[in-house]
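I opened a new structure today and kept notes as I went. Come along and have a look with me.

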Amino acid sequence: MTEMVKIELPDGSVKEMKSGATPYDVAAEIGPGLAKAAIAARVDGELRDLKRPFEGDASLALVTKRDEAEALELVRHDFAHVLAEAVQNLYPGTQITFGPATDDGFYYDFAPAPGRGMFTEEDLPAIEEEMRRIIKADKPLVREVWDREKVRQFFIDQGEAFKAEWVMELPENEPITMYKTGTGEADWIDLCRGPHLPSTGYLDPKAFKLTRVSGAYWRGDQSNPMLSRIYGTAWLDKKQLAAHLNRLEEAAKRDHRKLAQEMDLFHLQEEAHGSVFWHPQGYKVWRELEAYMRRAIDAGGYSEIKTPQLMDVKQWTQSGHWGKYAENMFAVPDIVPDVESEEEAAAPKVAEDADWMAIKPMNCPAHVLVFKQGITSYRELPIRLYENGCCHRNEPHGALHGLMRVRQFTQDDAHIFCTEDQVVEEIQKFCRLADRIYKDFGYSYAVKLATRPDRRFGSDEMWEKAEQEMRDAVAAAGMANDDYGWEELPGEGAFYAPKLEWHLTDAIGRTWQVGTIQSDRVLPERLDATYVGEDGEKHRPVMLHRAIFGSYERFIGMLIEHYAGKMPLWLAPTQVVVATIVSDADDFAKQATDRLKAAGLRVETDLRNEKINYKVREHSLAKVPIIAVVGKREAEEGKVALRRLGSRDQEIVSLDEFVAAAKAEATPPDLR
C-alpha cells in the first residue's frame with residue numbers, strides 16, 4: 001500500500017499526496033496555471049524549494065511573484081548564485097566566498113585568480129552576458145545534502161580555501177546543503193542554505209544590471225585578504241528594473257551633497273570627520289526649521305532646556321548606556337594635561353586612576369537629572385522637556401555619508417514624564433503632532449511598532465503593557481490601519497523600550513525612518529526618578545522618548561533631496577533676488593529690496609554689470625525660488641518681472657502686488 005502524506009492548504013482544505021511528493025506536485029494538481037506561477041513554498045512556515053519533497057504531513061502555502069517581498073528575496077539570491085557561476089566560467093581560478101541578497105539587489109565577493117588582479121567595472125559587461133547565457137540555459141537548481149567533511153574536501157579539491165575554511169565553522173549537527181546548476185557531475189555547485197527557484201530560467205534576463213565593484217575584506221577583517229565585491233541590482237521584470245534605474249538617476253540628481261555645493265549650504269572636511277561646517281545659506285534653513293519646531297513644541301506644552309555635553313562615565317554606567325553603547329561613545333579623561341613642551345602637548349599622559357567623562361550620544365539621562373531636581377507632584381505631570389540637543393556618536397569613517405550619517409548631530413529631542421494613566425493620551429497627542437508636521441513638509445508616511453528585542457532590560461509584563469499602550473494610542477489617533485501603513489516589527493525595539501517609528505516617503509518613492517516615540521519604564525528605575533502620587537507615596541514616572549525631525553542634519557539632507565533643492569519659499573535660504581538689466585534700474589532695485597526685507601523676506605540684490613541671462617542662470621543654479629528682474633521700463637512703471645525657479649514663463653506685476661503675494665507665500669505653513 002502506497003504511503004500518503006496530508007498537506008493542509010491556506011483555505012483549510014487537505015490534499016493527500018503520495019510520499020515523496022513536492023509542493024510543485026500539489027500546485028500541478030490544483031491547476032496548470034498555479035504550477036506555472038509558483039516559484040517556492042512555505043512548508044510549516046519555512047520557505048523552501050518548490051521541488052523539495054515533503055518529509056511528512058505539513059501545512060503548505062505556495063509562493064508566487066505576487067508575493068513580491070519573498071519573490072524578490074528569492075530572485076536576488078538566485079542572481080547572486082548565477083553571478084558567481086558566470087565569474088568562475090569566465091575567469092578560471094577565481095575563488096568564491098559569499099553572495100547575499102540586498103535591499104535592491106545582490107553582491108558576491110571573489111578572490112581573483114593569482115596574477116589576475118582585482119575585478120573592475122570594465123569586466124561587468126562580459127559577466128552580464130555570461131549571466132544571461134546561464135539564465136537562458138534554464139538549468140534546474142538542485143538541492144543536495146552533504147556531510148561536512150565531504151563539503152570541506154570538495155572545496156579543498158577545487159582550490160576553494162575560503163569555502164573550505166567556512167564550512168568547518170558550521171555546527172556539526174547542522175545539515176549542509178549544496179546547490180547545483182544542472183544535474184551532471186561537472187555542473188557548477190555552491191554551498192548555500194537556499195532556498196532557490198526551480199531553475200535559472202525562472203529569472204528574467206532583462207531584469208538585472210551589475211552596477212559597481214569595490215574592495216571588501218574576507219569576513220570584514222582588515223587583517224584578512226582583500227576580495228573583489230561585485231554589486232548588482234535585480235528585480236522581477238525589466239519594467240521594475242527600469243523604474244529602479246530611473247529612481248537611481250533621479251536620486252543622483254537630487255544628491256544633497258552635490259546640491260549643497262551649488263547652493264553653498266555646508267561642507268565637510270577631514271579635520272572634523274562626520275561634523276558639518278554650516279555656511280550662512282545652510283544655517284538659514286536650519287534656523288527656519290528650529291523656529292518652526294519651537295513654535296510646535298511651545299504650542300504642545302513643552303519646556304525647552306539645555307543640558308551638558310560632557311557627563312561622568314558613572315552616570316552612563318548607571319543608565320545602562322555604557323554597557324550597551326560604549327563602543328559608539330567618545331570618552332575623554334577628566335584631567336588637565338601636564339605638559340611642559342609643544343611635543344608633550346601633542347600626546348598628554350593619562351593617569352591610570354583618572355576619572356573618565358563621556359560626550360553624550362543622547363540626551364535621555366541628562367533630562368532625567370533635570371526632572372529629579374526638587375520634589376515633583378502628580379499634579380505637575382505630564383512634564384514635557386524639550387532640547388535641541390547636540391550629540392556625538394563614534395560612527396566608523398567608512399559609514400559616514402554627507403548629512404545622512406554624521407558623528408555630531410542635533411536632535412529635536414524631548415522626554416515626557418507622565419503617570420501610567422497618561423501614557424496613551426500623550427502618545428496619541430504625539431501621533432497627531434507628528435502627522436501635522438510631516439504633512440507641512442509634503443511627506444506621506446507609515447507608522448510601525450517595533451517590539452521587544454531578544455536582549456533587553458525589563459520584565460515581559462512591562463514590555464507587554466508598553467507595547468499595548470502604543471497599539472491603543474495609534475488606534476485612538478485613527479492610524480492603526482492600511483492608510484497609515486500600520487504594521488508591527490517584531491524584535492526591532494530598543495533595549496529599554498518598544499517604539500513607534502514614522503517611515504516617511506519622499507518625492508521619488510524612497511522611505512526614511514525618521515520620527516520615533518518610545519515608552520520607557522527602565523531608565524526612570526535605573527536613575528531613580530520619582531514623583532509623589534495622590535497617596536503621598538513615591539512612584540516611578542513613565543518616560544516617553546520622542547523626536548520628529550530625528551536630527552536636524554539628516555532631516556535637512558532629506559529635505560534637500562525631497563525638494564531637489566527647490567525649497568518652498570518659506571524655507572529657502574534666499575527667497576528673492578532682485579536683479580537689474582541696466583544700471584538705470586539700480587535705485588528701483590534697491591527700493592524693491594528694502595520693501596521686501598521690511599516685509600520679512602530674505603532678499604539679495606544683484607546689480608552687477610552682467611547680462612541678465614547670466615544672472616538668471618547663476619541664481620537658478622543656486623535654487624533661488626524667485627528672481628525679480630527690473631529694467632528701465634519696470635523701474636519707470638514701478639513693476640517687476642518675475643521668473644520662478646523651474647519655469648520659463650515671466651510674470652510682470654506691480655511692486656506692491658509682488659510684496660504682498662511674496663509675504664503671504666513666505667509665511668511658514670503653521671502660521672497661515
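Here are my entries on a helix, a sheet and some cysteines, all looked up in a predicted model.

**Entry: helix α1**

I began with α1, residues 23-30, and asked which of its residues are buried. I found Pro23, Val26 and Ala27. Looking down the axis of α1, I saw these buried residues fall within an arc of 100 degrees, so they line one face of the helix. Next I looked up what covers the buried residues of α1, and the cover includes the strands β1 (4-8), β2 (14-18), β3 (38-43) and β5 (58-64), along with helix α2 (32-37).

**Entry: a four-stranded sheet**

I then traced an open sheet with antiparallel pairing, in the order β6-β7-β12-β11. Its edge strands are β6 (95-96) and β11 (208-217), each pairing on one side only. I noted helix α4 (residues 124-137) packing on this sheet, where it touches β7, β11 and β12 (226-234). The direction of α4 makes about 120 degrees with that of β11.

**Entry: cysteines**

How many disulfides does the whole structure hold? My search found zero. I checked cysteine 364: its closest cysteine sulfur, in cysteine 391, is 8.1 Å away, too far for a bond. Cysteine 364 counts as buried, at 5% relative accessibility. For cysteine 431, the closest cysteine sulfur belongs to cysteine 418 at 13 Å, again too far for a bond. Cysteine 431 is buried too, at 0% relative accessibility.

Definitions and conventions: Residues numbered from 1 in each chain as written. Predicted model: local features only at pLDDT ≥ 70, side-chain atom pairs only at ≥ 80, totals over all residues. Heavy atoms only, no water. Buried < 20%, exposed > 50% of the residue type's maximum accessible area, 1.4 Å probe, protein only. Helix = DSSP H or I, 4+ residues; strand = E, 2+ residues; numbered from the N terminus. Arc of directions from axis to C-beta. Contact = heavy atoms within 4.5 Å. Pairing = 2+ DSSP bridges. Axes fitted to C-alpha atoms, helices over the stretch in contact; angles between N-to-C directions. Disulfide = S-S within 2.5 Å.
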